[in-house]
Amino acid sequence: MATKTFKLNTGQDIPAIGLGTWQSEPGKVRTAVAEALKAGYRLIDCAYCYGNEEEVGQGLADAFAEGVVKREDVFVVSKVWATYTTRCELGLQKSLKSLGLDYVDLFLVHWPLLMNPEGNDDRFPKLPNGERDIIRSHNHVDTWKQMEKLLATGKTKAIGVSNYSKRYLEQLLPHATVVPAVNQIENHPALPQQEIVDLCKEKGIHIMAYSPLGSTGGPLFTAEPVVKVAEKHGVKPSAVLLSYHLPRGSTVLAKSVTPERIRENLNLIELDAEDMKLLNDYSDKLTKEGKLQRFVYPPFGVDFGFPDKS
Ligand SMILES: NC(=O)C1=CN([C@@H]2O[C@H](COP(=O)(O)OP(=O)(O)OC[C@H]3O[C@@H](n4cnc5c(N)ncnc54)[C@H](OP(=O)(O)O)[C@@H]3O)[C@@H](O)[C@H]2O)C=CC1
Ligand SMILES: O=C[C@H](O)[C@@H](O)[C@@H](O)[C@H](O)C(=O)O
């Protein structure tokens with residue numbers, strides 16, 4: 001199902017699965033990207049914050065040079081990092097330079113906040129007490145206004161957000177001239193975030209699901225219903241966790257720098273109503289018991305409006 005796509009509110013097709021690159025070591029990610037494109041991936045998810053866009057760009061360049069894919073056949077995503085949310089065009093330009101591209105297909109606000117652009121580090125400025133140096137007076141709607149202007153530059157085909165809760169989307173949408181094409185959020189059976197998914201569906205915002213395996217090391221592989229569904233279909237738990245997003249109508253991002261895993265992660269399967277019920281019942285149970293699992297919540301010290309974190 002490597003070729004399955006969804007439609008964005010811009011009219012663009014977005015692949016159902018993409019390669020993630022967060023924490024992909026510079027020494028490995030070039031090969032990972034080139035291998036992924038050879039295997040059939042057509043979406044690569046990047047970010048300035050990951051500090052590896054140059055190597056990702058080399059992997060893309062390798063695949064272009066070998067005639068594996070053409071630029072227009074790959075959907076490249078990048079994100080404006082928190083120290084650039086008052087300088088979105090500069091943030092985009094820096095990513096493009098590292099990636100060696102003229103445009104990305106989608107540019108996202110990575111997190112809805114501003115970290116001090118004049119702080120003591122380009123990516124993670126800190127206060128003397130060790131906390132992140134955050135400019136709390138910044139309004140995330142102002143970042144979106146800058147993002148809207150990027151469309152006219154041709155440097156990105158679409159704009160969207162990431163890590164936006166329902167509360168933050170409700171603050172943004174009344175002021176948005178352009179409705180975000182995407183909201184990229186952590187999403188898996190242990191964190192269904194249904195209230196965000198439902199709102200996004202209603203507003204025509206496509207969900208990109210991140211950390212579908214539970215992030216580093218795949219802690220969700222042993223979740224009981226995931227194992228049960230995997231046994232029924234004779235596949236690995238990873239295939240169930242990735243395939244879960246297809247019937248939900250979402251794009252899923254799977255990170256790996258291991259060529260064999262990169263290839264196997266493309267083998268999405270069709271989960272039936274019984275499988276989805278089992279996984280949804282698991283989500284409901286965790287919700288009721290207050291045991292939802294959020295694996296990615298950086299120490300910003302900001303209330304982003306997620307109910308499990310408020
Ligand atoms: N917008 C945002 O704030 C965020 C965006 N993201 C995006 O989503 C992507 C995916 O999320 P991420 O948090 O990286 O985690 P994932 O849920 O994709 O899990 C990655 C981990 O699972 C391992 N793995 C991958 N495939 C398999 C497999 N078939 N069998 C066994 N282990 C496997 C990887 O190991 P190995 O690499 O060693 O093979 C790695 O340790 C990110 O890379 C990034 O692009 C992620 C977090 C936040
Ligand atoms: O995209 C992945 C994550 O959001 C990642 O960018 C953050 O968790 C970052 O490492 C941080 O510490 O703030």
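User: Why is Gln193 counted as buried?

Analyst: A residue is called buried if 20 or more other C-beta atoms, placed from the backbone, lie within 10 Å of its own, exposed if 12 or fewer do, and partly exposed in between. Gln193 has 24 C-beta neighbours inside 10 Å, and therefore counts as buried. This is a predicted model, in which local features need pLDDT of at least 70 and side-chain atom pairs count only at pLDDT 80 or more, while totals for chains, interfaces and linings use all residues. Residues are numbered from 1 along each chain as its sequence is written, and chains are lettered from A and ligands numbered from 1 in the order in which they are written.

User: Where does Gln193 lie, and what is its phi?

Analyst: Gln193 is found in the loop between strand 8 (182-186) and helix 6 (194-203), where helices (H or I, at least four residues) and strands (E, at least two) are DSSP runs numbered from the N terminus. Its phi is near 45 degrees, which is a positive value in a residue other than glycine.

User: Is Ser215 buried or partly exposed, and what makes it so?

Analyst: Ser215 has 19 other C-beta atoms within 10 Å, and is therefore partly exposed. This residue sits in the loop between strand 9 (206-210) and helix 7, and its phi, near 70 degrees, is also positive although the residue is not glycine.

User: What does the UniProt record place at Tyr50, and why is that residue called buried?

Analyst: UniProt gives the feature "active site" at Tyr50 in an unreviewed entry; its positions follow the numbering used here, feature names are shortened, and annotations may be inferred rather than shown by experiment. Tyr50 is buried because 23 other C-beta atoms lie within 10 Å. The residue belongs to the loop between strand 4 (43-45) and helix 2 (53-65). Leaving aside its neighbours within four places in sequence, Tyr50 is in contact with Thr21 and Trp22, contact being a distance within 7 Å between C-beta atoms placed from the backbone.

User: Which feature does UniProt list for His110, and how do you know whether His110 is buried or exposed?

Analyst: The unreviewed entry lists His110 as "binding site". With 22 C-beta neighbours inside 10 Å, His110 therefore counts as buried, and its place is the loop between strand 6 (106-109) and helix 4 (140-150). Beyond four places in sequence, the contacts of His110 include Ala47, Cys49, Lys79 and Trp81.

User: Which residues are around ligand 2, and what makes the classes of that shell what they are?

Analyst: Trp22, Ala47, Cys49, Val296 and Pro298 are around ligand 2, a residue being near a molecule or strand if its C-beta atom, placed from the backbone, lies within 6 Å of it. Ala, Val, Leu, Ile, Met, Phe, Trp, Tyr, Cys and Pro count as nonpolar, Asp, Glu, Lys and Arg as charged, and the others, Gly among them, as polar. The shell around ligand 2 accordingly divides into 5 nonpolar, no polar and no charged residues.

User: How is the shell around ligand 1 made up by class?

Analyst: By class, the shell around ligand 1 holds 8 nonpolar, 16 polar and 4 charged residues. Of the 28 residues around ligand 1, Gly20, Trp22, Tyr210, Leu213 and Lys255 come nearest. Strand 10 (251-255) and helix 9 (259-264) are the elements that give two or more residues to this shell, and strand 10 provides the largest share, 3 residues.

User: What makes helix 7 and helix 10 roughly antiparallel?

Analyst: Two packed helices are described by the angle between their axes and the distance between the axes. Axes are lines fitted to C-alpha atoms, for helices over the stretch in contact, and angles run from 0 to 180 degrees between N-to-C directions. Angles under 35 degrees count as roughly parallel, over 145 as roughly antiparallel, 65 to 115 as roughly perpendicular and the rest as oblique. The axes of helix 7 (residues 224-233) and helix 10 (residues 273-289) come within 9 Å and cross at roughly 170 degrees, and the two helices are therefore roughly antiparallel to each other. Pro225, Lys228 and Val229 in helix 7 meet Asp275, Leu278, Leu279 and Tyr282 in helix 10, a contact of 5 nonpolar, no polar and 2 charged residues.

User: At what angle do helix 2 and helix 3 pack, and what is that arrangement called?

Analyst: Helix 2 and helix 3 (residues 88-99) pack at an angle of about 45 degrees, with their axes 7 Å apart, and this makes helix 2 oblique to helix 3.

Methods: Contact = placed C-beta atoms within 7 Å.
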